Amino acid sequence: MELTNVMLSQSQMSSKTVPRQLWDFPRGMATARVLCQLGLDHGLGLDEVLRHSGLGQAQTEDLRSQLEAQQEIQLIRNLVNLLPQHPTLGIEAGCRYHVTTYGLWGYAVMASPTLGMGISMASRMLNQTFSLTTNEVEQVGDQIMVTYHSDHLPADVRQFIMDRDRAAVVTLQREILGRPLAYRAILMRRPEPDAAVVEAYSELFGVRPLFNQAQDRSLFAAALMHEPLPQADPHTAALCEQMCKRLVDERGARTGVAALVRDRLMRTPGHIPDMEEISTEMGMTSRTLRRHLTAEGASFRSLLEEVRSTLAEELMTRATLTHSEIAERLGYADVTTFIEAFRRWRGVPPSEFRKAQGVVRPGAGGPMRRRFIPR
């Protein structure tokens, strides 16, 4: 079965005792930029949004920076206190978290074969997200029940965060599935708000929520867990998940512009961006990016070689691809250039590398097979 009965096993604990590692971890600065932009769009100054957070504008614009959960909570507190006239602000915030906001994690979920496998992968990579609530997913009969926990969060920001995190989930589901997820019911612990807020919830979820409930929950048909995802690619999903695991282990250790460029190159296997594309994403010219890399003793070419080398090895040992197909995915003009590069990286041609790994090179008419080699 794709989904275990409890993906994040919290059923034996109260929300107030949720382990801190499930929500209080360093997170990418992308979430701070989303929140800051939300405040700016509502007429606030950046200094107002960042007040008492310990963050400055330079940090929010630095792709290598991270922020602590408590810093994000302070940003949210500032928004809540300065914009009390917007009761649906949390919903608006959540709708701004797109698949691309999550980087490699979002891409890995999107490439999963089914919705259930995507949820399973996502739950294992929790600290690649921006969630401050936690949740448990369980199957009850013919339906999936997702329960959100928020009692560990400060009361003054709890509803905003609940709205933000649930809206972010809905946004991801729509982008990954290519259509809204059909919810059977949406349960909320909060008292019923005014009509405008109820309407905003109903538009978000596709159903009118039930208020004054014992838990914050979302329910949908279990059959949807087997729903194929439009952009499913099992090999890419497995590769992305493995890279995500590396990021989980190394997240706190990455520093410098070189690390940012390398992470970006690793983010979308199958599409290797060039220097111009990456520099534009980073808000600088290619000349400025080259200068930063040179100051760190790196170059775009060396980083690209490192990424191509890593991806090539993964693709040859884990995917049913020919050398020509791998060369194409790594952005090489022809297979000969790729073979020469691989020989330079590993000291042997790709065919010998695969043979040493116990992998039979894919033939013209059959899939790749892995031979068992006694140890």
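R179 is partly exposed, with a relative accessible area of 32%, where partly exposed lies between buried (under 20% relative accessible area) and exposed (over 50%), computed with a 1.4 Å probe on protein chains only. The model is predicted, so local features need pLDDT of at least 70 and side-chain atom pairs count only at pLDDT 80 or more, while totals for chains, interfaces and linings use all residues. Residues are numbered from 1 along each chain as its sequence is written, and side-chain values use heavy atoms, with hydrogens and water left out.

**Salt bridges**

- A salt bridge is a side-chain nitrogen of Lys or Arg within 4 Å of a carboxyl oxygen of Asp or Glu; by this rule the count comes to 15.
- R179 forms a salt bridge with E227 (2.6 Å, N to O). E227 lies in the loop between β6 and α10 (234–250) and R179 in the loop between α8 and β5 (183–187), so the pair ties together parts that are 48 residues apart in sequence. Like the other elements named here, these are DSSP runs numbered from the N terminus: helices are H or I of at least four residues, and strands are E of at least two. E227 is partly exposed, at 25% relative accessible area.
- D216 and R166 meet through their side chains in a salt bridge (3.8 Å, N to O). D216 belongs to strand β6 (residues 216–221) and R166 to helix α8 (residues 155–177), so this pair links parts that are 50 residues apart in sequence. D216 counts as buried at 5% relative accessibility, and R166 counts as buried at 2%.
- E305 and R344 form a salt bridge (2.6 Å, N to O). E305 is in helix α14 (residues 300–318) and R344 in helix α16 (residues 335–346), so the pair ties together parts that are 39 residues apart in sequence. E305 counts as buried at 17% relative accessibility, whereas R344 counts as exposed at 52%.

**Nonpolar cores**

- A nonpolar core is a set of buried Ala, Val, Leu, Ile, Met, Phe, Trp, Tyr and Cys residues joined through side-chain atoms within 4.5 Å.
- The largest core has 64 residues, and those with the most contacts inside it are L75, L79, L132, F160, I161, F205 and F220. Helix α8 gives the most to this core, with ten residues.
- Leaving aside its neighbours within four places in sequence, F205 is in contact (heavy atoms within 4.5 Å) with R166, V170, L181, Y183, I186 and M188.

**Helix packing**

- Axes are lines fitted to C-alpha atoms, for helices over the stretch in contact, and angles run from 0 to 180 degrees between N-to-C directions. Angles under 35 degrees count as roughly parallel, over 145 as roughly antiparallel, 65 to 115 as roughly perpendicular and the rest as oblique.
- The axes of α1 (residues 30–41) and α4 (residues 69–82) come within 10 Å and cross at roughly 10°; the two helices are therefore roughly parallel. Their contact is made by T31, A32, L35, L38 and G39 of α1 and E72, L75, I76 and L79 of α4.
- The axes of α11 (residues 256–267) and α13 (residues 286–295) come within 7 Å and cross at roughly 120°; these helices are therefore oblique to each other. V257, A258 and V261 of α11 meet L289, H292 and L293 of α13.
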